[in-house]
4 protein chains.
Amino acid sequence: MASSICTNKPFLQIQAVGSTYGNYFRVTTFGESHGGGVGCVIDGCPSRVPLSEADMQVELDRRRPGQSRITTPRKETDTCCISSGVADGITTGSPIKVEVPNTDQRGHDYNEMSLAYRPSHADATYDFKYGVRSVQGGGRSSARETIGRVAAGAVAKKILKQFSGTEVLAYVSQAHKVVLPEHLVDHETLTLDQVESNIVRCPNPEYAEKMIAAIDAVRVRGDSVGGVVTCIVRNVPRGLGSPVFDKLEAELAKAAMSLPATKGFEFGSGFAGTFLTGSEHNDEFFTDEHGRIRTRTNRSGGIQGGISNGEIINMRIAFKPTSTIGRKQNTVTRDRKEIELTARGRHDPCVVPRGLSPNDIYLLICHLVFSI
Amino acid sequence: MASSICTNKPFLQIQAVGSTYGNYFRVTTFGESHGGGVGCVIDGCPSRVPLSEADMQVELDRRRPGQSRITTPRKETDTCCISSGVADGITTGSPIKVEVPNTDQRGHDYNEMSLAYRPSHADATYDFKYGVRSVQGGGRSSARETIGRVAAGAVAKKILKQFSGTEVLAYVSQAHKVVLPEHLVDHETLTLDQVESNIVRCPNPEYAEKMIAAIDAVRVRGDSVGGVVTCIVRNVPRGLGSPVFDKLEAELAKAAMSLPATKGFEFGSGFAGTFLTGSEHNDEFFTDEHGRIRTRTNRSGGIQGGISNGEIINMRIAFKPTSTIGRKQNTVTRDRKEIELTARGRHDPCVVPRGLSPNDIYLLICHLVFSI
Amino acid sequence: MASSICTNKPFLQIQAVGSTYGNYFRVTTFGESHGGGVGCVIDGCPSRVPLSEADMQVELDRRRPGQSRITTPRKETDTCCISSGVADGITTGSPIKVEVPNTDQRGHDYNEMSLAYRPSHADATYDFKYGVRSVQGGGRSSARETIGRVAAGAVAKKILKQFSGTEVLAYVSQAHKVVLPEHLVDHETLTLDQVESNIVRCPNPEYAEKMIAAIDAVRVRGDSVGGVVTCIVRNVPRGLGSPVFDKLEAELAKAAMSLPATKGFEFGSGFAGTFLTGSEHNDEFFTDEHGRIRTRTNRSGGIQGGISNGEIINMRIAFKPTSTIGRKQNTVTRDRKEIELTARGRHDPCVVPRGLSPNDIYLLICHLVFSI
Amino acid sequence: MASSICTNKPFLQIQAVGSTYGNYFRVTTFGESHGGGVGCVIDGCPSRVPLSEADMQVELDRRRPGQSRITTPRKETDTCCISSGVADGITTGSPIKVEVPNTDQRGHDYNEMSLAYRPSHADATYDFKYGVRSVQGGGRSSARETIGRVAAGAVAKKILKQFSGTEVLAYVSQAHKVVLPEHLVDHETLTLDQVESNIVRCPNPEYAEKMIAAIDAVRVRGDSVGGVVTCIVRNVPRGLGSPVFDKLEAELAKAAMSLPATKGFEFGSGFAGTFLTGSEHNDEFFTDEHGRIRTRTNRSGGIQGGISNGEIINMRIAFKPTSTIGRKQNTVTRDRKEIELTARGRHDPCVVPRGLSPNDIYLLICHLVFSI
């Protein structure tokens with residue numbers, strides 16, 4: 001009798017289900033960049049948490065397109081509406097549904113691209129997987145999908161603030177070849193205001209200027225650049241994460257790498273730490289003035305054995321240059337003909353300042369906090 | 001009425017469940033380094049797959065300790081036993097339970113450490129989380145836990161070989177400061193024999209010698225080093241992964257970062273790619289002589305929009321230097337007294353050659369293959 | 001050291017997440033009876049399935065209130081809108097979001113009840129669990145929540161029809177004390193038209209009349225009745241279900257008992273079968289004229305060892321009398337005062353004809369079909 | 001372009017994964033009746049819970065075969081061994097692995113049956129699904145599989161006793177045609193000793209005698225009978241369950257119907273309640289002398305709107321007569337030949353007294369308690 005690994009009988013084509021995140025604080029996103037709207041359903045939120053659209057809107061406004069010359073000129077007001085799960089200004093324990101309508105759709109911008117696969121974009125792989133062009137149907141690769149996560153993250157942020165004072169901050173530490181030296185940012189005292197003080201979201205004004213100049217330089221040529229986001233988590237409860245498959249660093253890596261355009265993740269000493277010896281790398285313990293066990297250094301990045309130790313978690317996330325560019329490229333069409341393509345549409349010359357939303361990390365931490 | 005986010009009523013302490021991996025091909029590991037044994041239960045394996053202990057043993061022998069002077073001198077035969085789910089040499093569709101008994105336990109080696117937290121080890125965080133010392137009870141942070149994953153990975157490997165010819169290879173591309181230049185390895189032709197040709201598992205003999213020398217240099221001083229593993233996947237079915245939370249790179253990052261001692265993950269162009277512009281970075285499509293859509297370059301690392309495109313997937317994973325070293329370090333005891341500790345026990349001066357098991361990646365790919 | 005089972009430290013109140021169904025074909029519902037609307041997000045639907053609002057509307061129209069004198073006079077048009085996951089009339093593989101706005105809200109009908117807990121209703125338990133009154137916030141106990149399931153079931157129905165010709169039918173076999181004799185319905189030939197031929201959805205006209213009379217008799221007194229729905233599944237693929245926790249009958253029982261107002265579930269010979277001996281009960285096998293292995297009788301109800309055998313699956317589901325009635329009852333208020341309550345609002349005198357939607361079963365079967 | 005519902009391309013045969021139960025307190029069982037042994041892995045157990053094999057053994061002894069003339073004469077000592085997750089008599093937070101070796105295997109008893117499908121047994125459906133005979137490989141349909149659940153249930157029982165004093169009791173309320181009148185058992189005061197006072201586990205001695213006589217009558221003829229188990233849960237925390245898919249009654253139904261040989265489930269007023277009107281059925285609320293909101297009657301069976309209200313939960317579970325009987329039956333072989341079969345092997349003439357283990361319900365409640 002033959003093995004049943006591989007058969008030829010008619011079967012039902014499974015589509016991976018991948019739009020839900022978390023088991024305890026669970027978010028399901030829906031919508032694509034060119035349909036009716038985008039949003040999410042949040043299940044497992046505690047009841048009686050004060051919540052309104054304003055809590056989400058402030059976060060959505062941060063990631064909104066059209067904010068400056070270094071982001072996509074696409075204009076969306078991105079006004080969110082909560083239609084269930086909240087009554088009289090507090091959560092009820094029922095699923096919270098939030099939606100943001102799409103208002104500035106210019107489908108025709110994309111029409112001529114519908115034949116060709118944009119290089120390094122999701123076009124080809126979506127078509128391989130679903131047999132549809134993402135421009136038309138999928139569109140889930142759009143940064144616009146992250147609106148649902150940002151809205152849900154706003155709820156997580158609120159819960160974490162009250163529960164443990166946990167705070168996530170993210171800033172641009174590299175744009176193209178401009179690298180912000182680590183010592184110029186103090187993770188103990190960094191504030192959101194410092195991050196938000198300029199359009200590139202680098203807390204150091206001098207380097208912010210350099211980054212903006214670097215982005216401008218490629219923008220005018222129709223090209224794009226990548227960069228690095230540094231993300232920190234302060235006031236982390238001890239004991240988050242678990243020892244084996246769901247190590248905290250593994251969960252953080254997955255959350256970070258689920259953002260569009262990411263190419264790498266490191267925490268603590270990261271790749272640079274591989275050049276050290278154990279005696280150089282280890283974080284010695286001491287007891288601080290409050291009797292609390294701490295580490296003198298933090299090459300562990302706040303995580304040991306897959307579990308948070310209460311120190312600041314720090315991560316660096318690499319974003320590739322935006323793949324949609326305004327320059328001529330070689331590619332193929334759906335029916336395998338080789339052509340030249342000059343993409344149109346409105347896109348960020350550098351996705352990093354808008355890609356750095358800490359809200360995915362809020363979601364993760366919130367999910368984990370329920371299970372410590 | 002107060003919010004119900006945070007209450008003081010008596011409650012049941014949840015322990016995160018983190019010993020299960022995968023939804024379609026699902027593996028649950030159990031056991032710790034100093035108990036009765038380690039192993040796993042595999043659920044969801046197709047029936048009628050020829051399978052025996054020998055299939056697993058060859059993989060277990062690769063990760064076995066005591067293989068050479070650069071690995072831990074701990075002696076374990078690591079002989080596995082399948083006790084359910086296989087009959088007459090084929091799988092039956094029932095859960096497959098595999099176990100490897102622990103034979104070389106020297107609990108007393110650890111006794112004096114039971115008071116102090118070893119720096120950068122899981123000791124402190126396990127105690128914070130579980131209220132027990134890992135030496136005694138947890139021990140799940142031991143590399144020995146990975147035996148269950150290796151055994152399960154052997155099954156995944158077998159399924160993938162038959163289904164799609166998919167093959168995962170991993171080799172040491174950096175040990176301490178010895179960095180193997182990328183152009184010295186051809187990912188199209190690399191073989192397992194080349195990787196296994198030396199004790200450090202670097203496919204280039206010259207660099208293998210340099211790496212071994214570097215490890216020996218710290219080993220004799222009781223110190224340790226880290227390094228980087230490069231892992232590739234060939235003959236990847238197109239369409240693995242999904243567009244949002246479960247992007248293929250996100251799943252790969254989580255799988256890789258769930259291995260002990262990892263600090264970073266990158267794929268394709270990785271962190272280096274952030275220095276390029278979009279026009280330099282994009283992978284142009286072409287149609288090859290078989291009429292198949294391919295990319296001319298592979299900075300995408302085989303993944304676009306979270307979904308495999310059929311090109312080789314390549315990843316680099318950073319491992320920190322082993323935290324348990326034979327040198328005096330400052331630390332604290334469980335009751336917060338500061339002391340000096342010189343760890344004993346038998347540990348790898350460099351975990352990288354044994355940490356590079358591709359079997360976690362086999363598990364992931366196998367899980368994903370079920371859902372394309 | 002004390003056990004960590006039960007502690008008094010501040011903790012985060014978990015809310016069970018229970019609005020998602022299925023792992024392969026996954027549905028998340030949202031919305032309550034008195035908010036902005038109700039609906040669902042469907043994840044994991046294959047791409048390129050022709051789908052439109054009309055496919056769902058026909059099912060929604062069947063469960064719509066205000067259809068006859070034996071259902072609630074609440075008037076809702078229940079018009080659904082698909083806002084993502086479908087383009088050019090076919091599914092794209094992205095999450096499908098469907099929503100039905102609430103149009104006939106008379107919140108004030110419920111105002112005076114907001115102090116008292118309606119007997120045998122979800123009021124008290126929702127308040128115990130969430131600290132909010134369901135009238136205000138939860139409302140998830142409303143039969144209106146099932147709209148999301150019906151819409152999703154319509155998609156499942158379509159997939160199953162094409163894949164395996166699988167068909168689910170449900171009819172009222174008992175209303176109050178009127179019991180339809182089993183031999184009057186032939187499960188091999190029963191049609192949807194027969195079921196839909198009268199307002200009580202009993203396929204036998206004579207008994208339908210008796211049931212309607214029985215419901216009318218209590219309706220005019222402001223009282224309510226319960227009943228039994230019989231549900232069958234025809235053309236079931238063999239091999240659905242699994243041997244242990246997820247036996248097919250266990251999954252069917254859970255799906256059926258997740259409908260509001262259910263009190264019991266049985267399949268095949270059910271409770272009556274407990275009065276037989278093994279030799280009376282066993283279904284003997286034979287080989288039919290097509291060479292197919294069949295059973296001569298079907299006391300197994302199409303399921304043996306937790307797995308479908310290809311015969312017709314038949315189930316009976318008990319529904320209690322509607323708890324909201326127009327008669328005076330003793331109860332207590334939220335602050336524990338005993339009072340008399342006469343509920344107002346508009347409710348079904350008998351929930352059974354509208355409660356019998358086979359769409360939950362379609363959802364389950366569809367989920368399972370992906371995993372055979 | 002064709003729909004992708006149904007394709008003919010080679011694909012990987014998914015096997016449903018069904019050996020894991022629970023998300024918060026998670027149990028995975030393994031092993032079959034005729035392999036090396038059976039057992040389970042428990043993940044998510046709080047740390048520092050005192051636990052030993054003795055806690056489980058007392059429960060295993062209750063379900064052990066060979067206890068009396070009305071159970072199978074198969075002799076197994078069923079001695080369990082915990083090999084991980086417990087150290088120094090307390091749980092460590094790591095997965096707990098428990099195993100019971102199979103000692104009394106008489107594989108040859110089954111040999112002649114290996115060609116024919118036993119009527120109403122799992123033989124045929126396992127072969128349809130897995131392409132193997134359950135006698136050989138699967139064997140997961142054996143009541144022996146439940147050993148893993150019983151062992152895990154013993155842990156759940158211990159946690160629940162300490163946390164909330166929650167207690168589950170199950171007794172035989174019907175064997176063949178002997179029906180124990182409801183008023184003869186007081187659910188407020190029923191004790192385990194009363195249940196265990198006789199071999200049929202009916203707490204009323206007079207009816208116990210009648211039941212034993214009824215079982216004996218069919219046993220001597222090589223036939224078998226079914227019956228009903230009544231199961232109650234006392235001291236239930238309020239707020240267990242959730243409003244929609246995971247209603248408490250839905251979860252209980254699934255847990256109960258996952259036991260081998262079950263045909264029906266009802267709770268509270270059950271099927272009989274469908275003959276009442278709403279005014280007869282509703283449970284009026286009152287405030288008791290401790291100021292606690294209670295119901296005067298309990299036709300709701302302790303559950304309203306899918307959520308526990310703190311009253312006693314009561315359920316009735318129907319078990320069919322054991323399918324393996326010692327009488328000649330018509331059936332077919334694997335290759336479709338019709339034959340007569342007289343089954344051998346050692347089996348229970350009535351599975352009900354051993355099938356009534358409350359441990360599955362302990363598992364469920366424990367899982368749910370983590371999420372209130």
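Reader: Which side chains does a polar contact of 2.6 Å join?

Author: A polar contact is a pair of N or O atoms within 3.5 Å; within protein, one must be able to donate a hydrogen and the other to accept it, and residues adjacent in sequence count only if both atoms are side-chain atoms. Here the pair is B:Asp283 and B:Ser300. This is a predicted model: local features need pLDDT of at least 70, side-chain atom pairs count only at pLDDT 80 or more, and totals for chains, interfaces and linings use all residues. Residues are numbered from 1 along each chain as its sequence is written, chains are lettered from A and ligands numbered from 1 in the order in which they are written, and side-chain values use heavy atoms, without hydrogens and water.

Reader: Is B:Asp283 buried or exposed?

Author: Buried means under 20% relative accessible area, exposed over 50%, partly exposed in between (1.4 Å probe, protein chains only). B:Asp283 has 0%, so it is buried.

Reader: What does B:Asp283 touch?

Author: Contact means heavy atoms within 4.5 Å. Leaving out residues up to four places away in sequence, B:Asp283 touches residues including A:Pro119, A:Ser120 and B:Thr295. B:Thr295 is 12 residues from B:Asp283 in sequence, and 5.7 Å away, C-alpha to C-alpha.

Reader: What is the relative accessible area of A:Ser224?

Author: The value is 1%, so A:Ser224 is buried. A polar atom of its side chain lies 2.6 Å from the backbone oxygen of A:Thr322. Among the residues that A:Ser224 touches are A:Pro349 and B:Leu276.
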